[in-house]
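The following paragraphs lead the reader through selected features of one protein structure. Please keep the sequence and the coordinates in view while reading.

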Amino acid sequence: MTGAQSKGDAAMGLIREERQDGVLIWTLEREARLNALPDLTDGEEFAAACARADDDPSVRCVVLTGAGRAFSAGGDLTAMRDRRDLFEGSPAEIRERYRRVVHRIVRSLYDLAVPLVSAVNGPAMGLGCGIAATADIRIASERASFGVPFLKLGIIPGDGGAWRLPRDVGYARAAEMLFTGRSIDAETAERWGLVNRVVPHDRLMDEALAAAGQIAAQPPQALRMAKALMRQGRDQTFEQILELSAAMQALAHHTDDHREGVAAVLEKRPADFTGR
């Protein structure tokens, strides 16, 4: 990993967590299995990581990436074949495990209060593609690829991808990816709007951390409110967003960071936001 020296590193079962100032770096550490997901404890682990980030006002951005040559290969095919772990038992039992594990992962990431940047270092398939797409900003290595090959396995998107993917790439392109099972390369993902940009593989983390650093330089309270507005805007009416914007703006105008931001612009200097 490149960039500044990390501090406050923490080891976990799946997610290796590092900290660089106001940025958390989460690395999926299941390299021998191409970061396959999910084990039965993964939902709990993602939820706990997201809760810690949300509860820490000094955290301003999260970067999510994968160890090794894959971002995440998606579901564990061996476990599917053997009908164990997530895939064991009756339809009712499997449904509840999807709710408790898979849905908890994607809900936790999607609802993260601080901006999330995905640094997609390699293949992102099935649930792996869904997890990458929960991020607000997606930066892909030239080695990345994306696919939702659920139908090839005789199953359907169980991670909310039928809602999310059409919003990212449009209905027709989402239908092509899902109905054919065809993967797309990084350049196609950029052209279709699934990722913000594609960068050389050895520059991926530098680019992701640079974006995260720019985000982390913003006033923390306003940053979190701005993300909430963007997420709410996907499903609410224009009038509802106007009302929510007015309420949040009133709060923002009473922060020290607002006064600091105005002063910094008028005085032609960088702002020093404190989160107050």
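Predicted model: local features only at pLDDT ≥ 70, side-chain atom pairs only at ≥ 80, totals over all residues.

A crossing of two helices is called left-handed if the near helix is turned anticlockwise from the far one by less than a right angle, and right-handed if it is turned clockwise.

Two packed helices are described by the angle between their axes and the distance between the axes. For helix H5, residues 161-169, and helix H6, residues 171-180, the angle is about 125° and the axes lie 7 Å apart. That angle makes H5 oblique to H6. The crossing in which H5 passes H6 is right-handed. On the H5 side the contact is formed by Leu-165, Pro-166 and Val-169, which meet Tyr-171, Arg-173, Ala-174 and Met-177 of H6. By residue class, this contact of H5 with H6 comprises six nonpolar residues, no polar residue and one charged residue.

H1 passes H3 in a left-handed crossing. From H1, the residues Asp-42, Gly-43, Glu-44, Phe-46, Ala-47 and Cys-50 take part, and they meet Arg-100, Val-101, Arg-104, Ile-105, Ser-108 and Leu-109 of H3. The contact of H1 with H3 divides into six nonpolar, two polar and four charged residues.

Strand E5 spans residues 116-120, and five of its five residues are buried, so the strand is largely enclosed by the rest of the structure. In a regular strand the side chains alternate between the two faces of the sheet. In E5 both faces are covered: Leu-116, Ser-118 and Val-120 are buried on one side, and Val-117 and Ala-119 are buried on the other.

Which strands does E5 pair with? Strand E4, residues 61-66, runs parallel to E5 and is joined to it by four bridges; within this pairing, Val-63 has Val-117 of E5 as its bridge partner. Strand E7, residues 137-141, also runs parallel to E5, again with four bridges, and in E7 the residue opposite Ala-119 is Ile-139.

Ile-137 belongs to strand E7 as well.

Another sheet is open and consists of three strands in the order E6-E8-E9, with mixed pairing. Its edge strands are E6, residues 123-125, and E9, residues 184-185, each of which pairs on one side only. E6 and strand E8, residues 145-147, run parallel and are joined by three bridges, and Ala-124 has Phe-146 of E8 as its bridge partner.

Several loop residues complete the description. Asp-21, in the loop between strand E2 (15-20) and strand E3, has a phi near 55°, a positive value in a residue other than glycine. With a relative accessible area of 57%, Asp-21 is exposed. Leu-34, in the loop between E3 and H1, likewise has a positive phi, near 55°, and is not a glycine. Leu-34 is partly exposed, at a relative accessible area of 28%.

The loop between strand E3 (23-28) and H1 also holds Pro-38, and the peptide bond leading from Leu-37 to Pro-38 is cis, with omega near -15°. Leu-37 links this region to Gly-75: beyond neighbours within four places in sequence, Gly-75 is in contact with Leu-37 and Met-80. Gly-75 is placed in the loop between E4 and helix H2 (77-82), and at 27% relative accessibility Gly-75 counts as partly exposed. From Gly-75 to Leu-242 the C-alpha distance is 40 Å, across a sequence separation of 167 residues.

Technical notes:
Residues numbered from 1 in each chain as written. Heavy atoms only, no water. Axes fitted to C-alpha atoms, helices over the stretch in contact; angles between N-to-C directions. Helix = DSSP H or I, 4+ residues; strand = E, 2+ residues; numbered from the N terminus. Parallel < 35°, antiparallel > 145°, perpendicular 65-115°, else oblique. Contact = heavy atoms within 4.5 Å. Nonpolar A, V, L, I, M, F, W, Y, C, P; charged D, E, K, R; others polar. Buried < 20%, exposed > 50% of the residue type's maximum accessible area, 1.4 Å probe, protein only. Pairing = 2+ DSSP bridges.
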